[in-house]
Amino acid sequence: MIISNDTDRSKYSNVWVVAEVLSGRIQPVTHELIGAARTLADKSGSQVWVVVMGSGIAGQAGSLFPYGADKVILIDDEKLSGFNDEIEAKTMERLISKYYPEVIIFAATTRGRALAPRVAVVTNCGLTADCTELGIDPQNGDLLQTRPAFGGNIMATIRSSNHRPQMATVRPRVMKAPVPIPGRTGEVITEFVMDEDTTGAKKILEIFHSQESTVNLGDAQIIIAGGRAMKGPKGFELLKTLAAKVNGAVGASRAAVDAGWISYAHQVGQTGQTVQTKVYIACGISGQIQHLVGMQSCDLIIAIDKNPDTPMMQMADIAIVGDLFEVIPEVIDELSRE
Ligand SMILES: Cc1cc2nc3c(=O)[nH]c(=O)nc-3n(C[C@H](O)[C@H](O)[C@H](O)COP(=O)(O)OP(=O)(O)OC[C@H]3O[C@@H](n4cnc5c(N)ncnc54)[C@H](O)[C@@H]3O)c2cc1C
């Protein structure tokens with residue numbers, strides 16, 4: 001066991017990212033985390049290291065340097081082929097006690113949400129889940145971990161002043177992935193899974209994938225999202241027609257989902273999906289903070305609302321004041337004429 005209340009903070013340096021690996025592929029959220037880590041590391045004059053754990057992934061390690069990684073710790077082992085958070089947590093514990101990272105960022109995915117708390121427990125350190133913003137306190141180097149709190153009514157900034165490493169999970173698509181710099185390189189450090197890491201760990205007998213009914217809003221370039229103003233499933237049919245015209249996907253506020261007008265798979269926001277599309281069209285969504293945290297990083301936000309003063313209308317790049325049952329059919333007609 002490491003590290004609790006370790007008063008010698010000078011041992012700890014560098015910002016680590018734990019790469020998201022699924023089915024033997026490093027996932028794009030890793031690039032987003034590296035971008036965030038790069039900003040933190042530049043502020044604190046340290047390096048970005050990425051821990052890549054998986055099976056058959058050695059060939060992908062180099063792909064992380066253009067995004068801002070300085071070093072990659074590569075653990076390529078068959079025992080890591082299915083996701084086994086017990087083995088990964090013990091491996092992480094050993095790496096932490098060897099290299100002393102100051103900050104570790106995980107993706108707030110199913111995998112990251114399983115692994116990060118285990119690492120926090122074995123290292124006896126704090127963990128802030130679902131951060132939407134990260135910063136560094138210039139006075140003392142503390143990681144400033146901002147996330148919605150109290151049902152999203154406030155944004156809380158949390159710090160772990162007495163414990164190192166400081167750990168946070170960040171939702172996919174909250175941070176922008178940096179533009180890769182071709183030719184940027186770094187160092188690969190090869191590490192291994194040791195016998196002690198696997199002692200007592202559960203064995204994965206079989207992996208099977210459930211029939212995926214989830215709408216993957218994350219892959220969409222354009223989302224047309226509807227709120228309470230859609231009035232019912234028929235309103236969403238209108239949005240589906242528009243979405244089909246522009247090759248987009250349909251999103252929804254929680255109010256619409258709770259009303260049963262559209263399934264939860266379409267919900268955007270704190271308790272739904274986080275999206276980072278090129279275009280987000282909010283139709284009759286007032287823009288409460290719990291919705292905004294799920295879409296505020298979209299490139300172009302267009303809002304349609306009768307009320308020009310809603311938070312969504314105020315934050316939108318283009319705000320259309322009007323009745324959406326008049327505006328949307330007009331847009332569909334216009335697109336049909338093209
Ligand atoms: C713990 C917690 C988690 C939550 N998580 C989420 C989440 O993940 N996602 C989420 O969305 N919400 C979430 N919420 C709920 C959130 O607080 C809001 O209640 C919800 O987002 C409101 O949905 P809405 O904007 O569709 O409805 P409203 O706030 O009622 O807004 C409706 C808007 O439609 C406009 N309008 C009405 N009629 C028309 C018309 N004909 N034409 C044009 N405009 C019209 C109105 O002016 C209004 O601005 C959460 C709440 C809590 C407490």
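Q: Which residue just after α2 takes a positive phi?
A: Y100, with a phi of about 55 degrees. This is a predicted model, where local features need pLDDT of at least 70, side-chain atom pairs count only at pLDDT 80 or more, and totals for chains, interfaces and linings use all residues. Residues are numbered from 1 along each chain as its sequence is written. Helices (H or I, at least four residues) and strands (E, at least two) are DSSP runs, numbered from the N terminus.

Q: Which residues of α2 are buried?
A: I87, E88, A89, K90, T91, M92, E93, L95 and I96. Buried means that 20 or more other C-beta atoms, placed from the backbone, lie within 10 Å of the residue's own.

Q: And what covers them?
A: The cover includes β4 (48-54), β5 (71-76), α3 (110-123) and α4 (195-198). Contact here means C-beta atoms, placed from the backbone, within 7 Å.

Q: Switching to the sheet: what is the strand order?
A: β7-β11-β6-β1-β4-β5-β12, an open sheet of seven strands with parallel pairing. Strands pair if DSSP finds at least two bridges between them.

Q: Where is the bridge partner of T128?
A: In β11, at A168. β7 and β11 (residues 166-170) pair in the parallel sense over three bridges.

Q: Now the ligand. Which residues come nearest?
A: G227, A229, S253, R254 and G269, of 30 residues around the ligand. A residue counts as near if its C-beta atom, placed from the backbone, lies within 6 Å.

Q: Which helix gives the most to that shell?
A: α6, with three residues.

Note on methods. Buried ≥ 20, exposed ≤ 12 C-beta atoms within 10 Å, placed from the backbone. Contact = placed C-beta atoms within 7 Å.
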